[in-house]
Amino acid sequence: MPTDTLNRAVLGVAPLVRRHRIRLWILALTGVTVLLVTGYLFTDVTGSWDYVLQLRARKLAAMLLVAVAVATATVLFQTVTENRILTPAIMGLDALYVLIQTVVVYLFGASALAATDPVLRWTVELVVLVLFATALFQWIFTGAGRSIHLLVLVGVLFGVLFRSVTHLLQRMIDPAEFAVLQDAFFASFSVPERLLGLSAVTITLAAVGLVLIGRQLDVLVLGRAHAIGLGVHHRQLVAIVFALVAVLVAVSTALVGPITFLGLIVANLAYHLIGSHRHRHTIPAAVLLAVIFLVGGHLLLERVFDLGTVLAVVIEFVGGIFFLILVTRKGTR
Amino acid sequence: MIVLQSVTKRYADTAVVDDVSIELGHPGITSVIGANGAGKSTLLSMIGRLLLVDSGTITVDGLDVTTTRGALLARRLAVLRQDNHLTARLTVRDLVAFGRFPHGRGRLGPSDREAIDRAIDYLDLDPVGGRFLDELSGGQRQRAFLAMTLAQDTEYLLLDEPLNSLDLRHCVQTMRLLRRAADELGKRIVLVLHDINFAAAYSDRIVAMRAGRIHVAGKPTEVITTAVLRQVYGLDIAVDEFGGHPMAIYHL
């Protein structure tokens, strides 16, 4: 049948075109990333190359790690919650991070915060954040409701609680100590080297976990019912993903402080550009976009605005505009 | 066979499914009918592992659904529900390919591609194979999801109200298609239906549920009778015969 072969031909071609589009975008994003990274490292060097490069390399490493963590965590979280405008921030993880710091300063004073070994602090923060996420998950999912939306809602409430307690404690802290505390909450990319190494190891481990469950994740886009029907152990998979998200968010928050909006922008941009539901396409694209945003934002900030503003402002300004364009254009959900 | 033994599901104090023991999945089509809240969908959800059983056991070909690995069951039993809302944009072919997940864990080999082609072909979806699901009509979407379950290549097929929100033409098409799948492909289909005449015309067996229990199970002529329908729906419904099928006249 001629029509039959024609159909087959068309069917065969359509996926090919899509595959090209995905590859092209990934290539383009990689190109921009490489360009920005080189630009960031090697332009505008004054004084000792050694010193400047070392400083910038360390900052760059922090940005890369945060980009990987935030982008991956957001894509995973959105897949599991079957919602594309949520970010893990809604679960109150970064609010808990702020609370931990505040409690430490409140109980032991700002000098304690400064005097503690950063690696120890980082480890404790990470463990608390992951334990919280896992406990929340176990608690909700072993109850009768067993709904992800209930889980998210309870997470939102905990976030509000954490923020309120934080505010209360901050009011009772010595103003001088409060200033030290406030400094810790701004996303800052000057991070001790040992933390970078630890974070890199943790993120790599999370990535290995991700690769192990990768293909099952793709099935989750069909929703819980279909995923179960297709043989996915949904509860177990969601538990693993939540643990991964908690680790990634905790790493990124403990490394540089709360940075929330970035994930939302890069995840949605990635879906939009790539047009694929497969996580092995969307996650790399989101990560590359996150690097572009972070490094590009830093370039703008340091070389164009002369440190006249903070990175969050740049990211949220540019990202906000991007996001509005996405939302107002047709068919984005 | 799908064997249920004293299966019970409770919400608070009310048993939605109350001590049900029955064998489902005879060759051909089995329809489950009953009033709203009779426990039909709950029963199907428990077989499909979407809900946990409170007490009792369900086995599919001897495999307990609560303890057997999901992938193993998914090669014997496909489930299609009505809430087919998707967050991602998928093409018809992408969707149908998901049906092969239990077989290759996401990797598509030549035999998988063949199964996908066959399923798409069987449901006449060739012309729209590359289109996105949100660009299709409700009837085409429904067929795309059916194609996914066919590609899953299972012996048993469970459908929860497949005729919901379909117009008359698509209802008839869907039922004919299921009949064909049962006769030609040897599928054993269990479906929840609200229209008792579709059940009467296309089923080999009908299971009537009432208040969480199996009220009657048997051939259409044994279940679609004025007496049974009065007990199941609480209505006096005249039953006539047309072309060998009992037909309930319930619109008057």
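**Note on the predicted two-chain model**

1. The contact between the chains draws on 23 residues from chain A and 28 residues from chain B. The model is predicted, and the points below should be read with that in mind. On the side of chain A that touches chain B, the elements giving two or more residues are α1 (2-42), α8 (193-220) and α9 (224-229) of chain A. Helix α1(A) supplies five residues, the largest share of that side. Sorted by class, the side of chain A that touches chain B holds 11 nonpolar, eight polar and four charged residues.

2. Within chain A, helix α3 (residues 93-108) packs on helix α6 (residues 148-172) with their axes 9 Å apart and an angle of about 25°. An angle under 35 degrees counts as roughly parallel, and α3(A) and α6(A) are therefore roughly parallel to each other. The crossing of α3(A) past α6(A) is left-handed. From α3(A), the residues that make the contact are A95(A), L96(A), V98(A), L99(A), T102(A), V103(A) and Y106(A). From α6(A) come G159(A), F162(A), R163(A), V165(A), T166(A), L169(A), Q170(A) and M172(A). The class count for this contact of α3(A) with α6(A) is 10 nonpolar, four polar and one charged.

3. L299(A) lies in helix α12 (residues 279-304) of chain A. Leaving aside residues up to four places away in sequence, L299(A) touches L36(A), G39(A) and Y40(A). G39(A) is 260 residues from L299(A) along the chain, yet the C-alpha atoms of the two are separated by 8.1 Å.

4. Chain B has an open sheet of four strands, in the order β2-β1-β4-β5, with antiparallel pairing. Its edges are β2 (14-24) and β5 (63-64) of chain B; each has a single partner strand, so one side of each is left without a neighbour in the sheet. Strand β1 (residues 2-11) of chain B pairs with strand β4 (residues 55-60) of chain B in the antiparallel sense, over five bridges. V3(B) has T59(B) in β4(B) as its bridge partner.

5. Strand β6 (residues 77-80) of chain B pairs with strand β7 (residues 156-160) of chain B. In which sense do β6(B) and β7(B) pair? The pairing is parallel and runs over four bridges. A78(B) is bridged to L157(B) in β7(B). In a regular strand the side chains alternate between the two faces of the sheet. In β6(B), L77(B) and V79(B) point one way, A78(B) and L80(B) point the other way, and all are buried.

6. Helix α5 (residues 110-122) and helix α6 (residues 138-151) of chain B cross at roughly 140°, and their axes come within 9 Å. That angle makes α5(B) oblique to α6(B), since the roughly antiparallel class applies over 145 degrees. The crossing of α5(B) and α6(B) is right-handed. Residues A115(B), I116(B), A119(B), I120(B) and Y122(B) of α5(B) meet A147(B), L150(B) and A151(B) of α6(B). By class, the contact of α5(B) with α6(B) comprises eight nonpolar, no polar and no charged residues.

Definitions and conventions: Residues numbered from 1 in each chain as written. Chains lettered and ligands numbered in written order. Predicted model: local features only at pLDDT ≥ 70, side-chain atom pairs only at ≥ 80, totals over all residues. Contact = placed C-beta atoms within 7 Å. Nonpolar A, V, L, I, M, F, W, Y, C, P; charged D, E, K, R; others polar. Axes fitted to C-alpha atoms, helices over the stretch in contact; angles between N-to-C directions. Parallel < 35°, antiparallel > 145°, perpendicular 65-115°, else oblique. Left-handed = near helix turned anticlockwise from the far one by under 90°. Pairing = 2+ DSSP bridges. Buried ≥ 20, exposed ≤ 12 C-beta atoms within 10 Å, placed from the backbone.
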